[in-house]
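Hi there,

Here is the structure I promised to pass on to you. Have a look at it first, and then read on for what turned up.

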Amino acid sequence: MRLETFFSISEQSRLFLLSVVLGVFLGVLFDCFRVIRIVLPPARRAGAVCLLDIIFLLCFGAAIFLYSAALGRGQVRFFYFLGSSVGFILYIVSIGNIVTSAVRFAVNIAYKALQRVYYIIIEPFVKIIGFFRQKGIGFFVRNHKVDDNLDIS
């Protein structure tokens, strides 16, 4: 039994196209990370972007490793990286931009809706609680001053 160590042209073409599909899936994963970036407030975004980029690069490397182990007979070929990069870029510049725009739009609508809910429902309670807090502080401060003036000796 002879072990083949090379790929035929048709096998290489199939592996290249499958690596393009892998790149599309990696683009979807990257879009999930972009959604997290969109949702996070700007103050916390810088550290999260660095962490998410590191996680994505680790996922990309693991995907290429698993791809080469499962489909490429354990051989890592340059066209795996090329194909997955092509699929990733095609996804990001086409469907990825549409998805990101839709997510930004949805987040803006949700933010505005939550602001309205806050101003209509929650803010009156906050003002009432603040009013009672202020009156309560005045009451307790006055009582504390009266208690300090009592001489028990």
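D53 is partly exposed, with a relative accessible area of 30%, in what is a predicted model. D53 forms a salt bridge with R37, with 2.2 Å between the closest N and O atoms. Since D53 sits in helix α2 and R37 in helix α1, the pair ties together parts that are 16 residues apart in sequence. R37 itself counts as buried, at 19% relative accessibility; the cut-off for buried is under 20%.

In total there are three salt bridges. Another one joins R73 and E11, at 3.2 Å between the closest N and O atoms. R73 belongs to the loop between α2 and α3 and E11 to helix α1, so this pair links parts that are 62 residues apart in sequence. R73 is partly exposed at 39%, and E11 is partly exposed at 23%.

D31 and R34 also meet in a salt bridge (2.8 Å, N to O). They are three residues apart in helix α1, separated by about one helical turn, and both are buried. The side chain of R34 makes a polar contact with the side chain of T100 as well (2.8 Å). T100 is found in helix α3 and is buried at 10% relative accessibility. Beyond its neighbours within four places in sequence, T100 is in contact with D31, R34 and I38.

Then there is the largest nonpolar core, with 17 residues, where L15, L22, L26, F56, Y80 and F88 touch the most other members. Helices α1, α2 and α3 each give two or more residues to this core, and the largest share, six residues, comes from α2.

Happy exploring!

Methods
Residues numbered from 1 in each chain as written. Predicted model: local features only at pLDDT ≥ 70, side-chain atom pairs only at ≥ 80, totals over all residues. Heavy atoms only, no water. Core = buried A, V, L, I, M, F, W, Y, C linked by side-chain atoms within 4.5 Å. Buried < 20%, exposed > 50% of the residue type's maximum accessible area, 1.4 Å probe, protein only. Helix = DSSP H or I, 4+ residues; strand = E, 2+ residues; numbered from the N terminus. Polar contact = N/O pair within 3.5 Å; in protein donor to acceptor, adjacent residues only side chain to side chain. Contact = heavy atoms within 4.5 Å. Salt bridge = Lys/Arg side-chain N within 4 Å of Asp/Glu carboxyl O.
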